[in-house]
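Please have the sequence and the view open while I talk.

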Amino acid sequence: MTEVNFVNGELQRMRVVENAGCGIRVLANGCWGFSSTSEMTADSLKESFTEATSAAQVLANSKKNRVKGLADSKMATGHFTLKANGKLSDISIDEKVKIVREAEMAARKHSKIIKTASCTYREILDHKLIVNSDGAEVEICDSKPEFSVVAVARKGVESATAHEGVGITGGWQDLFGTRSHLDFASKAADRAERLLEAKHAKGEKTTIILDPGMVGLLSHEAIGHTVEADFVLSGSVVKNKIGERVASELVTLVDSGSQEMTGNAAGTIMVDDEGVIAGRTAIIENGILKSFLHNRESALIFGTAPTGNARAFQYNDEPLIRMRNTFVEPRSDKLNEMIQETRHGYLVKGARNGQADANGEFMFGAEEAYLIENGELGMLMKGDSISGNAFEVLRSVDMVGDSFQYDIGTGYCGKYQPAKVDGGGPHLRCTAVIGGLQ
Amino acid sequence: MQELVLFAVKQAEAHGADDAEAFAVTLSESEVFLENNDVKQAKSQRMGSIGLRVIVDGSPGFYSVNRLTKDSVRDAAVMAVKIARASPTDKFNSFPRKSKVKLLRGIYDKASESFGAEAAARTASEMLDAAKSRDPRITVDSGSFSSARLIHYLSNSNGLSLSERISSFSWSIMGMAIDSGEVSSFDFQSGGTHFVKRIDVRKTALEFADTVLDSLKPKKIDSFRGEMLLAPSAVNELVEEVIAHSVNSDAVQKKSSAFAGKIGTPVASEILTVEDDATNTDGLGAASFDREGTPHRRNVVIEKGVLKKLLYNTYTAKKDGVRTTGNAGGSSSSPPLVSTTNFIIRAGTSGIDKMISEMKKGIIVSRFSGNVNPINGDFSGVVKGGKLVERGTVVNAVKEVMVAGNIFSALKNLDGISKERKVMLTSILPYLRIGNISFTGG
């Protein structure tokens, strides 16, 4: 992992971290044991194997529901290299420092009102080998770079923050081939400047048009987590709802580990960490709940095929059910028609952090909210939060845009371990609560 | 290991570093996970990692590896020097001088050495059973119990050479209550200690169970402005993050802290006193020295509402011409940052019940789920496990109410701090009551 971060003209952080090791997972007596070591010697691996086995045996005393087995799946074999234009390892550390320094300075020099700027470049290069007793024998080479600029505008005690960034699976050309690092800087600075003048929205339940990033966040946070089979087994709101209508018929929601829609989405993995090919899983198809997200253990419980969602962040992490690229498929509405047909509401843009509960209640931040009155886009308001019940919001969807974009690739999903994920979609029109001041 | 750390410093110097520092950690950990009302998996790891920081002509370089051999440490030294040569010069880069460090008692329990995977599994089961036996409606979605022993090693080219053992036990539990199809608000509770004898998973489990049971049958409410009583978890999510950011000297120097230029001035109600204290062994952030080898001490940052000091590491202190406060933080895989150790809000004088009885109309916030901007203090999000209070009495649980406002204004409107406090890993926090807050009903 390489990371370069400049803040206000100074190097805040630059580091290279090299981690290697081996994680061993065993299923014994219907219990999982996992052990890892950073010492790659035969003796240490043997010790880890013994520890993993005894860990599984220790659980046998207290585990009520033993693992019945793992669903069969064709185990991946061979070498997988994720497509990358311009190998990151070929770009010198000096070049990486240069672009970060330039972009940070460009954001800060954009206008006098920008008092603070920060720019970060981060790359994760992964070289992984997965072998299991069911025949998986895979070597995977993956490169995931990301780049982001944050600008803070300030006047007196008022301040506003704007973010602009991209995170992908790919190489240097994929990251900067079509968009210069300076463009990220000027967009962030310009937005921070405009947000400083913006007023808070009035808190209300109203018509909301979500931008692709917000749709990605909704798909990931508010729906995606509730359909992870481990959460379903714990009693998530969609338990026993396969085959039922859970969303407007305009909604088809997908999680995919392969190059779907557009290339380079940050959550692309090709093969999951149990050796299962990671393809496309339609979670909701035309409003009907079709599938949960599975590893091999949960797939057996639900009597279905694994969906390739078992992911581990590092060698010392055990695979968990995680999302990959989660998105809503586009349809035919134009954004300007969606605005024209809205009497009162908001167009919200710029996905920030989000959280959701297993009962479908969610809340996520938006950087910008544009007031819509009588079909016309009006004033920019401070973003605040959007909240609601995910499925009620999806049932309320009455227009789905025609253009597609991934836009949450700079984020990491945190579920005990980090994971690089992505999400996106077209613009969606729905009903939700926008936070604000009374 | 100490030998390898010294070797790393010498190698860096041999390859062109003017100054060098090596920080290594070895960790041995057993962890047991809960999922879906059952134990899920037992996990163990043995890990070592070394982070090598160098200064070449005033430029910093950093490289970290987890292969602890002389060859890989030598390669890391070469790379760290190479990275420094690509970095800009900054005259404030330096390492602390050798100083006397008195090792803290109460952070290592010898009994941890015999607390193995089996004991971890048993304790995790106890936590699960305690929550489940409270009420059949409780569902434990997930949780974990971890037992860890780690050793920090630190050496630098100023002759500093230190090491310290720390044992820590930490646990968490999260989930909800389900009553005839109705799913309550989620709750998350955690606990931790350095000592085997002080492990109390039952208390954490019961607090979790009671919180989710209390949040069943929530009612919708109309929007209003009123009082907010923050439980320690919500104080952690809302208030701690903003204060910790604002007293961070790095944020102040980067002009992203609202406390810039405010030393000696009131920033909160006079009932608030906040300190950072790594010598308080109740918190899991306790240690004798910081990430750079500076001895830890107690730092009162806000006293009776007045901002007293900022938190520094060697770099930011040199910039401001002051002494480091011993707040260099971070792991062996990153150069030192400025960070809090144990974040502590001093206990108040009122009991929680009395604080509630004094409320006209407001909401008790168990957890906050939302966004907090640590720079300007704006927050906006959803109240989790909220309870409506009217005329001093808890009326009912409330359904997903949104709350928005500004933390800095809220700190000035702070009118109550409980005498009861909760230790949550590296935080020791009371209940806080704040007036004039905006709530939006769904």
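Let me begin with chain B, which is divided into domain 1, covering 2–214, and domain 2, covering 218–442. Please bear in mind throughout that this is a predicted model. The centres of domain 1 and domain 2 of chain B, taken over C-alpha atoms, are separated by 23 Å, and across the boundary 39 residues of domain 1 of chain B are in contact with 30 residues of domain 2 of chain B.

Which elements supply the domain 1 side of that boundary in chain B? At least two residues each come from β1 (19–35), β2, β3 (59–65), β4 (138–156), β5 (161–179), β7 (187–193) and α4 (201–214) of chain B, and the largest share, five residues, belongs to β5(B). By class, this side of domain 1 of chain B holds 19 nonpolar, 15 polar and five charged residues.

The crossing of α1(B) and α2(B) is right-handed. On the α1(B) side we find Leu4(B), Phe7(B), Ala8(B), Gln11(B) and Ala12(B), which meet Lys70(B), Val73(B), Arg74(B), Ala77(B), Ala80(B) and Val81(B) in α2(B); taken by class, the residues of this contact are eight nonpolar, one polar and two charged.

The other pair is helix α3 (residues 117–134) of chain B with α4(B), where the axes lie 8 Å apart and the packing angle is about 35 degrees. The crossing of α3(B) and α4(B) is also right-handed. Among the residues making the contact are Met127(B), Ala130(B) and Arg134(B) of α3(B), together with Val201(B), Leu206(B) and Phe208(B) of α4(B), and the residues of the contact as a whole divide into eight nonpolar, two polar and three charged. Recall that α4(B) also supplies residues to the side of domain 1 of chain B that touches domain 2 of chain B.

Next, the two chains together. Here 64 residues of chain A are in contact with 59 residues of chain B, and on the chain A side the largest share, eight residues, comes from strand β2 (residues 10–18) of chain A. That side of chain A has 21 nonpolar, 27 polar and 16 charged residues. The chains also pair through strands: β4 (residues 31–37) of chain A and β2 (residues 38–56) of chain B run in the parallel sense over six bridges, with Phe34(A) opposite Lys43(B) in β2(B).

Finally, chain A has an open sheet of six strands with mixed pairing, in the order β13-β12-β11-β16-β25-β22. Which strands form its edges? They are β13 (288–289) and β22 (405–406) of chain A, each of which pairs on one side only. Strand β12 (residues 280–285) of chain A pairs with β13(A) in the antiparallel sense over two bridges, and Ile284(A) stands opposite Leu289(A) in β13(A). Helix α5 (residues 212–223) of chain A packs on this sheet, touching β11 (253–256), β12, β16 (325–328), β22 and β25 (422–425) of chain A, and its direction makes about 125 degrees with that of β25(A).

Definitions and conventions. Residues numbered from 1 in each chain as written. Chains lettered and ligands numbered in written order. Predicted model: local features only at pLDDT ≥ 70, side-chain atom pairs only at ≥ 80, totals over all residues. Left-handed = near helix turned anticlockwise from the far one by under 90°. Helix = DSSP H or I, 4+ residues; strand = E, 2+ residues; numbered from the N terminus. Contact = placed C-beta atoms within 7 Å. Nonpolar A, V, L, I, M, F, W, Y, C, P; charged D, E, K, R; others polar. Pairing = 2+ DSSP bridges. Domains from an automatic or database assignment. Axes fitted to C-alpha atoms, helices over the stretch in contact; angles between N-to-C directions.
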